[in-house]
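Student: I am new to this structure. Could you show it and take me through the terms?

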Amino acid sequence: MALPKAFWLLWFGQTAGRLGTLAPAFLVLYLEQDGRVAPGTTPLVVGLFGAGVVLSGLVGGAVADLIGPRRTIVAAQPVTAVMALLFGVADHVAALCALSLVTGFLSAVDRPAGAGLISAIVPQEQFSKAYSLFLVGFNIGMSLSPVVSGFLLEVSPGALFVVWAVSSLVYAALVFAVPADPPPARDADRPAGAAAALKSAARGIAEPFRTPVLVAFLLLTFLLACIYLQVNSALPLDMRDSGLTTRGIGFVFAVNAVLSVLLLPLVPRLVGRLRAHVPLVLAAGLMALGFGANALADGMVTFTLATVLWTLGEVLWAPMSATFIADRAPAGRSSTYQGSYFFAWNAAFVVGSPAGLAFAQAHGYGPLWLSVLGLGLAVALGFAVLPRLTGFAADAAAGSESGSGSDAVPPGAVQSRAVPTSDLR
C-alpha cells in the first residue's frame, strides 16, 4: 500500500529542515571563530543548547497533543527562523546563551510532533514502514548539514543562520500543505478551558512514566543512548589517537550514514512479524558488540567493521523503538508518548557522552569499550524481560482494534489513533 501524499510532504519538509539546522559541533566552531566568545564560555552555550533539546521532548509532545502535531510544526518553524537570524547578529554572551537554549529547544520540538503526525496520517500497520522512511530523510538531512555548514563557515559564517532560517520556512510551508489537524473532540473526557487543558497536558507528560513496561523501556532507552552517543565524544577521539586522519574518521562515519539510508527501509519487512521486544533485544546486542569491538580496533578496517556492527543495531532500533511507543499510546496522546522517548534518549547527551569521555580519560579507551559491551548486553537482557511487565501486550490489542477499520480512512486524511486506554494498564 502506497503512503499518502501528506506523509511525503512531511518527509520533504523535515529533510529540508534538517539540512539547514546548525549542528552543535559547528556551533562550537562558529562561537570560537574570531574569538566571538571566550573559550571557557563555549561549553556553557553548547550545554544550554543541549538542555533545550532535552526539554523539547517532553514539552513538544504535550503541545502537539494539545494543539495538534501539524500546528506544532508549522508554528515552531517561523519562530526558529527568527531566532536563527538573531543568533547570527548577537554578540553578547547573555544573548547567545538565551538564544542557544531557545534554538536548541526549537531544533528538536518537531520530532515528537512528527512521529505523532505519522501515527495520524498512516494506518497503524504501516507505521513502522513510514517511520523508517521518515528516518531516512532525517539521516539525509543530518548527513548533508555538516557539509553545508563547513562550506558556509569558511566562506561566510553569517550565512549559516540565513540557511537555517530559510530551511525552517520551507519546512513550515510543506507541512502547512498537510491536511489540517482534526478539531479537538468535545466529550466528557476532554477538559474545558485553557487552564484545564494545560493541567491535562501536564498529567499526560507523566502518563508514560506510570506504566511499568514503559518505565522499563525508557530507562533501558536512556542506557542504550549512553552507549550509542559515544559516537559524538569518545569514539572519534579514540580513532584519532589510533592514528586515523580526519579524512579517515569521516570515511568511517560515512559508512554509518550510507548503511542507515540503505537499510532503514528494509527493517519493517525483515522484523515486522517478530514480537515487539525481539528487535529491541537484537538492536541492543548489536550496538553492544559493535561498540565493544572498538576495544580491538587499531586502524581504518577494524574501526569500519565495528561501525558496521553498531550501525545494524542502530537501524533496527530507530523505527522499532518508535513503533513500540506508538503501539502503547492511548488516543490523543501519541505525540506525548513519543516525547517521553525523545526525553529519555536526549538526556544521554547530557550524561552519557561526557561520562564516557571522562571514563576514557581516567582509564583508557579499551576499558571504556569493554564496559560499554557489558552494559549493552545487560540492556539487551532487560529488553528480553519486557514481556513480563504490565502493559506489554497492548500492541496486540491495539492492532486488533485498528486493523479492521484502517482501510476506511481516505489516503492523506489526518486521523486519530484509536487505542483503548483500558489496554494500557
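Tutor: Start with the word cavity. On a 1 Å grid over the protein atoms alone, a cavity is a set of points where a 1.4 Å probe fits but cannot get out; lining residues have an atom within 4 Å of a point. Grid points are joined across faces, edges and corners, and a volume is the space filled by probe spheres set on the points. The model is predicted: local features need pLDDT of at least 70, side-chain atom pairs count only at pLDDT 80 or more, and totals for chains, interfaces and linings use all residues. Residues are numbered from 1 along each chain as its sequence is written, and side-chain values use heavy atoms, with hydrogens and water left out.

Student: How many cavities of 30 Å³ or more are there by this rule?

Tutor: Two. The second largest cavity has a volume of about 30 Å³. Its lining consists of Leu19, Gly20, Leu22, Val148, Ser149, Leu152, Leu160 and Val163. Two or more of these residues come from each of α1, α7 and α8.

Student: What is the volume of the largest cavity, and which classes line it?

Tutor: The largest cavity holds about 80 Å³ of space. Its lining has three nonpolar, seven polar and two charged residues. Among them are Gln14, Arg18, Asp110 and Trp164.

Student: Why is Asn346 called buried?

Tutor: Buried means under 20% relative accessible area (1.4 Å probe, protein chains only). Asn346 has 7%, so Asn346 is buried. Asn346 is found in helix α16, residues 334-363.

Student: What does Asn346 touch, leaving aside its neighbours within four places in sequence?

Tutor: Contact means heavy atoms within 4.5 Å. By that rule, Asn346 is in contact with Val53 and Val54. The Asn346 side chain also reaches the backbone oxygen of Val53 at 3.5 Å.

Conventions
Helices (H or I, at least four residues) and strands (E, at least two) are DSSP runs, numbered from the N terminus. Buried means under 20% relative accessible area, exposed over 50%, partly exposed in between (1.4 Å probe, protein chains only). A polar contact is a pair of N or O atoms within 3.5 Å; within protein, one must be able to donate a hydrogen and the other to accept it, and residues adjacent in sequence count only if both atoms are side-chain atoms. On a 1 Å grid over the protein atoms alone, a cavity is a set of points where a 1.4 Å probe fits but cannot get out, and a pocket is an open set with protein on both sides within 12 Å along at least five of seven lines; lining residues have an atom within 4 Å of a point. Ala, Val, Leu, Ile, Met, Phe, Trp, Tyr, Cys and Pro count as nonpolar, Asp, Glu, Lys and Arg as charged, and the others, Gly among them, as polar.
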